[in-house]
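Please load the model in your viewer and keep a selection panel open, as this tour moves from one selection to the next.

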Amino acid sequence: MLPWKRALRPVAALLLAVSVALTPAVAAADSATESAPHSGWNNYSCKPSATHPRPVVLVHGTLGNSVDNWLGLAPYLVHRGYCVFSLDYGQLPGVPFFHGLGPIDKSAEQLDTYVDNVLAATGASKADLVGHSQGGMMPRHYLKFLGGADKVNALIGLAPDNHGTTLSGLAKLLPYFPGAEDLLNAATPGLADQMAGSAFLTKLNAGGDTVPGVRYTVIATRYDQVVTPYRSQYLDGANVHNVLLQDLCAVDLSEHVAIGLLDRIAFHEVANALDPAHASRTNCASVFS
């Protein structure tokens, strides 16, 4: 076998594992794309209420998109009276559905434009951001380097890779496969940027994890198999609330994908973070709320 083919193995294994996990959601996304805007989600005529004065922008994870990542959380928040919006970012030419693979600094520029559009449509002065995986980390670049702190009240991350990931150990294998790291950088820069120790993350985390004026919440799961170790998701700094899902409900077995797609215990904690003045205790019974 040629060396470059051997080099692809660890990357292919990762993409295959995540693709298999997301396949049902992607299939649902194809049929849901038309209906989402008409159910109050991505409804640009929505005006925030006095109870929920800020629009919520949902930021999908790697290999996700604006529909499949939010088939659970978006309706959950709309039902509670929020104006909810979601964007696609990090698209690669010729790759449908599976987004978040482009350079993360460029993805943050897409988020910048999208938030401006949402604020203009809703008349709000600030938005709240909720992101899953890369979508919980990428907005920090927007907040720190693109002026986003002036437009954002809170950032809530579901299993965000704030300090990078070993990709369940696969990244540690790259030095043993000549050319693999260069291939990863060239083909999927969004994945390369998320590797622990990358130049992107070194710059992002230099000088501290947070910026003044923004509230941060991190919701992690002990069973995360993608952002490893899971404690690397936590942030340090003022206005930070780090939460372990199993501290809220010990029998919650959600892993990296499920925490963003369907975990109503995590959703309840998101709602608390969006409206801390009216927060209620999150526990195992929150699955029924």
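**A loop, then the strands**

Begin by selecting F97, which is found in the loop between β2 and α3, where helices (H or I, at least four residues) and strands (E, at least two) are DSSP runs numbered from the N terminus. Although F97 is not a glycine, its phi is positive, at about 70 degrees. F97 counts as partly exposed, at 32% relative accessibility; buried means under 20% relative accessible area, exposed over 50% and partly exposed in between, with a 1.4 Å probe and protein chains only.

Before going further, note that this is a predicted model, in which local features need pLDDT of at least 70 and side-chain atom pairs count only at pLDDT 80 or more, while totals for chains, interfaces and linings use all residues. Residues are numbered from 1 along each chain as its sequence is written, and side-chain values use heavy atoms, with hydrogens and water left out.

A second residue with this kind of backbone is N42, which has a positive phi of about 60 degrees although it is not a glycine. Select N42 in the loop between α1 and β1; at 18% relative accessibility, N42 counts as buried.

Now select residues 127–132, which form strand β3, where six of six residues are buried. Colouring by side-chain direction separates A127, L129 and G131, which point one way, from D128, V130 and H132, which point the other way, and all of them are buried.

Which strands pair with β3? Strand β1 (residues 56–59) pairs with β3 in the parallel sense over four bridges, two strands being paired if DSSP finds at least two bridges between them. To locate this pairing, display V56, whose bridge partner in β3 is D128. Strand β4 (residues 152–158) also pairs with β3 in the parallel sense, over six bridges, and here A127 stands opposite V152 in β4.

**The nonpolar core**

In soluble globular proteins, nonpolar side chains tend to be buried together. The largest nonpolar core here has 32 residues, and V57, L111, L129, Y142 and L143 are those with the most contacts inside it; such a core is a set of buried Ala, Val, Leu, Ile, Met, Phe, Trp, Tyr and Cys residues joined through side-chain atoms within 4.5 Å. At least two residues of this core come from each of β1, β2, α3 (104–122), β3, α4, β4, α7 (199–205) and β5 (215–220). Helix α3 gives the most to this core, with seven residues.

**The disulfides**

Select the cysteines next: the count comes to two disulfides, a disulfide being a pair of cysteine sulfur atoms within 2.5 Å. One joins C46 to C83, with an S to S distance of 2.0 Å, and its S-S torsion is about -80 degrees, so this disulfide is left-handed. C46 lies in the loop between α1 (3–32) and β1 and C83 in the loop between α2 (73–79) and β2 (84–87), so the pair ties together parts that are 37 residues apart in sequence. Both C46 and C83 are buried.

The other disulfide joins C249 to C284, again with S to S 2.0 Å; the torsion about its S-S bond is about 100 degrees, so it is right-handed. C249 sits in the loop between α8 (245–248) and α9 (256–261), and C284 in the segment after α10 (264–274), 35 residues apart.

**Charges over rings, and a cis bond**

Display R80 with Y76: the charged end of R80 sits over the ring of Y76, 3.5 Å from its centre, the criterion being NZ of Lys or CZ of Arg within 6 Å of the ring centre and within 35 degrees of the ring normal. Then display K203 with F145, where the charged end of K203 sits over the ring of F145, 4.9 Å from its centre.

Finish at P229, in the loop between β5 and β6 (240–244). The peptide bond from T228 to P229 is cis, with omega near -10 degrees.
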